[in-house]
Each structure stands twice: as structure tokens, then as C-alpha cells.
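Please read them alongside the coordinates.

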Amino acid sequence: MQYQSQAVAKPYFIAAIGLFVGQILFGLVMGLQYVVGDFLFPEIPFNVARMVHTNLLIVWLLFGFMGAAYYMVPEESETELHSPKLALILFWVFLVAGALTVLGYLLVPYAKLAEMTGNNLLPTMGREFLEQPLITKVGIVVVALAFLFNITMTVLKGRKTSVTMVLLLGLWGLAVFFLFSFYNPSNLVLDKFYWWWVVHLWVEGVWELILGALLAFVLIKVTGVDREVIEKWLYVIIAMTLITGVIGTGHHYFWIGTPGYWQWWGSIFSAMEPIPFFMMTVFAFNMVNRRRRDHPNQAAVLWALGTGVMAFLGAGVWGFLHTLAPINYYTHGSQITAAHGHMAFYGAYVMVVLTIISYAMPLLRGRQANSNKSQVIEMWGFWLMTVSMVFITLFLTAAGILQTWLQRVSDTPMPFMQVQDQLSLFYWARELSGVVFLIGLVVYILSFFVKGETKASA
Amino acid sequence: MSEAFTKSTARNIFWGAAVFSFLLFLGLTFDTTAALPKRDNRQNLTPEVVRGKHVWEQNNCIGCHTLLGEGAYFAPELGNVYIRRGGEFIKAWMQGQPTGAPGRRQMPQFNLSDEQLNDLVAFLKYASEINTEKWPPNIEG
């Protein structure tokens, strides 16, 4: 750790991992409800569990991004953070607000929560991923703006690198596009159209800039490859991201009331969305192969390479599987979508946050890398989580193919719930893989508590 | 990548790509906005439908169901449920929940008033009349 103020990243990373555990536990509840329908009913109905599962994911990734920014920006800008105190205050505000929101989901019926929190004044709730009460949404904006102020001021007073420029652009984009969550017209088509300006332009737009910046930073550190080379790659990758991803939003505009020409725009541009992810894979492997040093933190290198591969598979390949309009006509809103969602979020965003945590945490704890013993256990966590996520994805894909066939392609289409009964074997297999994922997560967390021989601090 | 291709070239390509993509996207958005009145069934956005959408949102229906294919995949598609089941069935169904059948997926009892049920049905009828390019492929959603 080169600058004292980088230390504020630590609570962010710890909170991120803690909320990650919560996300997985609720995922397992939902997975079981898919096959044992009345599990925990009426205490935790499926819609509540799902809201907690997805919202915790978003919040912990945001904790991860913010922690990453607080760690990276002082080092890149070669100056202390503008205000470490503000960063710590925001940490507690965000954590308490997040915890209260989740408690609200769990303890109060959603309609009552909506009434209590002013959803009648400005209705924004009850839309997928944007379920947060109005006050939480306002809180997110306030925290995001104060965070961006802190980071931007730091960048402005120090050295400006391409990595921080791209990171800042991604983070500002994240905040700006979130503002569309306050726009909820009664016209369902318009509502859906602009809902994607938050959801798609986040995960297939500005978040990829953040992903690229985090990956580039870690690769610069662990490979020692010339910054100029890595930053050149970064620009080319994110250029491809925006060329394909922005118009690629059109793959959500096939069947929601928007004009038919989106089937062409959406299919063609989103078919190219795997390209930047493939470049990211090549980039990560290329840089590690050309490394000028063998960094003692081999676990971080593994996470960085894993991000390249899994983001390409999950976001790139599994996205491509169902992105062409004639195929999407049959697969839209099926378990194929769920399969893609799981591997894409894990491969791209979960893994990149775990990459930066893997790299930064030892340094925040006063050593360049963890002991060999600790790293081996962390790598076990990596493989258990990654392989089980591959299986979750494969089982959901199998379920999705069968579902699509029975319900939509066959000459005698079956009703939804009858089809679901036919899929239970795959749902059980998915749940089992989910249990292995949880074991992997526990192993990963245990690695933080393993001492062993530590290498001297750099 | 070759040495002749410099970082500043890459940066310029990025900015060009970013600006071009967003302008093209805005252009298409503009055209879509102009085309929507003929497709999105806005002539039927009655006060009942508007209230019905609010009921839909206040009870987080999207947490289990899909609507025009978007949402959760735990329970049936509802974009065409009005055509599949009809308004009276929908109201009776919601009043009969949960079934309590052991091991089966359960839908909560939302305790909606008669007016709220009517509004919700009006919203689902409106949604079923949006021009969705013939999606879903069949009545089962």
C-alpha cells in the first residue's frame, strides 16, 4: 500500500464479501423453491427472495467497485484520497441503507413498504432490479455523487492515467444512467424502453468500462508489462464494447412493442458483443505471458485470467446463444435467459471484483501477497465457485432448451407449470451445484484466515 | 498490437466510437418514439389501466412472473394472460390464492379490493393489446 488513504478500501471489500454470502444463501432458497414450491412459504415468498438475491448482488458489486476505486485512484493519481473521512462516512451510510432496505423487503409486505416509503408520490418500485424504495434510490444517488466527487477531486489534483480516466467514465456513466430509474411512465412500452437504459447500459455498457479499468490495473501490477501497452488494449476493448453494446441494447427491443426494425439492429450489433469479451481474454493471457516479473500473488493472477475466460463464456458466448431475433423469439424470458444471467454476472463482475480484492487485500493487510498455503486455499475457492457456476449454467441451459421446446416449439404446446414439472431434474442438479458454489465461497473466505509463512512486504 | 498503432490512436478510436454509438442510439430512439403511438396501445391507457399498473408494481408481480418476457421465470407469462384466461378467471384466481397444495409453488394472497382487481385486469388487457411482433409464439406464453 503506497498511500495511507487507500486503507478505506478495506471495509468496502469486507462488506462486499459479506453481502455476497447473503446473496448466495437467498439464491439457494430460490433454487429450492423451484422444486419444493412451498419451501419457506409464506415467510419468504419467491418474489421476496429474488429481490434480496438480485439487489444484494447489485449492492455488493457497487461496494466492490467503490472499494476498487478507493484503492486504485490514489495509487494511479500518486496522491492521497481527497477525503478519506467522506469515504468512511459514505461506507456506513450505504451499508446501513442497504441493510434497512433488505430488512424492509423481508419484514414488511412489499405493497405496505411501497406505501410507507412514498411510492404513491413518485412510483418507481416494482420493476425488476429497481425494486428499491424511493428513499433508497435517492440515497444511492446521494452516495454515488459524493463518492464521485471524492474520486474525481483526487484524480484532478494528481496524475491522470488512462486507467483512471476509463474508471471515472464508467463510474459517472453508472450514476447518470441510474437516473432513468426515476422515470416510470404509465405507458408500459416506454417504461420498458427506458428501464433498459439503466439495466442494459449498465451491464453491457458503462460497467464494462469499470471492468476493463479494474482488470487493466491488476494486470499492470502483477505482470509489470509496460503501461502504454496495457492502456492501448484497454481503449480498443472499450471502444468495441460501446460500438457493439450501445446499439446492442436493441436485442431487448424485439418483443416489447418497439418497432420491428430493432430485430435487425439488435441482432447484428449484439451478435458482435462477444468480440470485446474475446479481446479481453486474449488481452489477459497475452499480458500474463509477456510478464516481466513473477508476482508473488499468484491467486490474483488466476482471478484475472479467470475473469477473461468466464466473462467471454458467460457474457459473450451465452449471450450470443439467444441474441439473434429468430432464436430469441423462442427463448425470450426462459431458463436460457437465467443461464446467461448467472454466468455473465459471475464471469464478468463477480470475478473482476474478486480479482481486485485478491490483489489489494494482502497489501491492505500489510503484505505483498498471502502465504502460499492461504493462496492455495483461495485457489480452491476459485475453482469450486467457477466450476460449479459452469454447471449451474449448463443445467439451466438444458432446462431452458427443454422448456422452450415443450412450451413454444412443439406442435402441442404445454402450459407453463406443466413444463416446469418436467424440468425438475435439472432444477435439482442446479441446486446441488449451488450448494457446491456455497462451499467454494466458504473455502474462499477461510483463505483470509489462514496464516502460514508470509512473504515480506514490498 | 503493433508499435505504429499508438495509445493516442486507440484513445481517439474509443472517443469516436463512443460518440458515434450514442448519437446513432439517440437517433433510433427518436425514430422509435415517433413510431410508438401506432404500436403501444396508448389510446387505451384509461385511468383504470394506469391504476392497474400501479397495483402490478406495488405487489412486485414481476418478482415471479414475466410480462412481455421480462421479469422472473418462476411463474407464467402474463402479457397474454388476459387472452389465455379472461378477466373473470384472473380475479377468481387471485382471490383463491394460495392453494396450499403441498410441495407446489405458492402465490401469496395480496388481499386486493374489487376495484384493484378490476384495475389490474384492465392493465393486463391493455398489455395484451400491445403490438409485440407476434410474441409469444403461442397462447401458453
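1. Helices (H or I, at least four residues) and strands (E, at least two) are DSSP runs, numbered from the N terminus. The model is predicted: local features need pLDDT of at least 70 and side-chain atom pairs count only at pLDDT 80 or more, while totals for chains, interfaces and linings use all residues. Residues are numbered from 1 along each chain as its sequence is written, and chains are lettered from A and ligands numbered from 1 in the order in which they are written.

2. The overall dimensions of chain B deserve attention. Its radius of gyration is 22 Å, whereas a compact globule of 141 residues would have a value near 14 Å; the radius is taken over C-alpha atoms, and the globule rule is 2.2 Å times the number of residues to the power 0.38. Along the principal axes, the C-alpha atoms of chain B fill a box of roughly 70 × 40 × 30 Å.

3. Of the 141 residues in chain B, 43% are buried. A residue is buried if 20 or more other C-beta atoms lie within 10 Å of its own, exposed if 12 or fewer, and partly exposed in between, with C-beta atoms placed from the backbone. Among contacts in chain B with a separation of 6 or more, 64% join residues 24 or more positions apart; a contact requires C-beta atoms, placed from the backbone, within 7 Å.

4. Buried residues of α2(B) include B:Val49, B:Val55 and B:Trp56. The buried residues of this helix pack against α4 (110-116) and α7 (188-223) of chain A, together with α5 (114-128) of chain B.

5. B:Asn60 counts as buried because 29 other C-beta atoms lie within 10 Å. A:Glu78 likewise has a positive phi of about 55° and sits in the loop between α2 and α3 (84-107) of chain A. With 11 C-beta neighbours inside 10 Å, A:Glu78 is therefore exposed.

6. One runs from B:Gln97 to B:Pro98, with omega near -10°, and B:Pro98 lies in the loop between α4 (87-95) and α5 of chain B. Another joins B:Trp135 and B:Pro136, with omega about -5°; B:Pro136 is in the segment after α5 of chain B.

7. At the interface, 61 residues of chain A are in contact with 59 residues of chain B. On the chain A side, α8(A) gives the most, with eleven residues. By class, that side has 34 nonpolar, 17 polar and ten charged residues. Here Ala, Val, Leu, Ile, Met, Phe, Trp, Tyr, Cys and Pro count as nonpolar, Asp, Glu, Lys and Arg as charged, and the others, Gly among them, as polar.

Notes: Contact = placed C-beta atoms within 7 Å.
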